[in-house]
Amino acid sequence: MNRPEDGERRASRRGFLTGAAGLAAVAGVGVRAEAAAPNPQSTEPFWGLHQGGIVTPAQSHSYFAAFDLVETRREDVATLLRAWTAAAARMASGQTAQPLDSALKPAVASHAGDAQTKGGDAYATPDSSTMAADTGEALGLSPARLTLTFGFGAGLFSKDGKDRYGLASRRPAALVDLPKFVGDQLVDGHSGGDLSVQACADDPQVAFHALRQLARLADGVAQIRWVQSGFMPNFNGKETPRNLMGFRDGTNNPRIGDPQAMAKVVWVGEEGPDWMRGGSYLVARRIRIALEHWDRMQVAFQEQTVGRHKYSGAPIGKTKEFDALDLDTTDKDGNPVIAQNAHVRLAAAASNDGAQILRRPYSYNDGVDFTAERWPPWRQGQEYDAGLFFICYQRDPRTGFIKIFERMAKFDMMNQFVTHVGGGLFACPGGAAEGEFIGQRLFETV
Ligand code: HEM
């Protein structure tokens, strides 16, 4: 496993528990008496050709955040990415974001000071030099296979017609503005952003902790625009997890263990700018599911909608989950066994000139809010704000998500039950070699 080289004392979360009692006082936190035993199964590599969290077997929890860059210089953005990379590498290996015996060093410390002198910024820290280097809630926890995946939105390249950082000419052609799809109900509070970070871990506290430390480091350079937490049962690849509709989700995904398939579908190759090689494009969609409506449907109708059997996950008419999806079979009356507008028919590569994406979704559950439905039984009242935080990766969104979803948005039977209410498109650069920072080649080549 690679380890971050930050030239400073390495305060491991486990080491903290076993040896550094004095530091507990520095951090001001109570800790459990025993450390978790080191477990090689609980870490995912951070450094490498590709960023983690893309072809990593999905962890059970996710915390996604989109950030807006506040008016700053290009060097400040690079400095932030350098600080984020160092902290991410430390946290992925089970360490605190920064050494515990140091004070928090926001990526661009001068900004906190500036705001303070101006006296107007409610978010400026009174004195960031006295802030703990880590908020402490992950002390003693396993790294829980934490991955942090960074992405760049169109706003990094230009915003409101302004080339803020001299990067406009570097915007990759594939980082398009997503078209408005039929039925889209995207709201600003869940959409867009100049930067994205997704923390995934097998422990929700580890995922949130990691994101929280990165947000603190961004003080004065970037502010959170929107966040989304998510969860999925984790069968360690032994079983396909079920989403909130009760169906297995991921059966016909390209195999993450097949490097050739990943090179074809997921990783940007020679066609992209050099900083994107080995990277991928992330499309996120916050998709609210009308669960109350769905739950009133007969299972047979739900199965027609998806095009698969609910309990086995097999294609309609077949018995096993991984039986081939046969779109040509008809019943005795000549009707297709898998309906013309079933979700899987419209989504399948065979219906889209071979187009494929790697789906890595998480369910979400954000409580209830008041909704008035216009379809029978014209129900009004509190309804779940729950659904699927759909994330997919691809080599090029124009030939991936956009190509596949355009027709689905119009014809998918599932549209009766789902509404896309947020999301974004982010270019996730290739991974960093130890000593580099994520996206370094973009900033160097200007
Ligand atoms: C709430 C929203 C959604 C739900 C509940 C959902 C659920 C499912 C389920 C149950 C399957 C069948 C099992 C599998 O192969 O994974 C599936 C397949 C698939 N879905 Fe979705 N999905 C949703 C949104 C989307 C969106 C927005 C896309 C965008 C392109 C998409 C693309 C696909 C693809 C490509 C397949 C595989 C089709 C095949 O080749 O058999 N899904 N989805």
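Predicted model: local features only at pLDDT ≥ 70, side-chain atom pairs only at ≥ 80, totals over all residues.
The protein chain averages a pLDDT of 88, with 85% of its residues at 70 or more.

| Stretch | pLDDT | Contacts in the model |
|---|---|---|
| residues 1–12 | under 50 | 29 contacts beyond four places in sequence |
| residues 111–124 | below 50 | 13 contacts beyond near neighbours in sequence |

Now for the ligand. Around it sit 30 residues, of which F247, T251, N252, A347 and L388 come nearest. Which elements give two or more residues to this shell? They are β5 (280–289), α9 (343–347), β8 (380–394) and α10 (401–411). The largest share, four residues, comes from α10.

Next up are two helices, α3 (residues 74–92) and α5 (residues 204–217). Their axes come within 10 Å and cross at roughly 155 degrees. An angle over 145 degrees counts as roughly antiparallel, so that is how α3 and α5 run relative to each other. The crossing of this pair is right-handed. On the α3 side, the contact is made by A83, W84, A87 and M91, while α5 brings A210, Q213, L214 and L217. What sort of residues make up the contact of α3 with α5: nonpolar, polar or charged? Seven are nonpolar and one is polar, with no charged residue in the set.

Key: Residues numbered from 1 in each chain as written. Axes fitted to C-alpha atoms, helices over the stretch in contact; angles between N-to-C directions. Parallel < 35°, antiparallel > 145°, perpendicular 65-115°, else oblique. Left-handed = near helix turned anticlockwise from the far one by under 90°. Contact = placed C-beta atoms within 7 Å. Nonpolar A, V, L, I, M, F, W, Y, C, P; charged D, E, K, R; others polar. Near = placed C-beta within 6 Å. pLDDT = per-residue confidence, 0-100.
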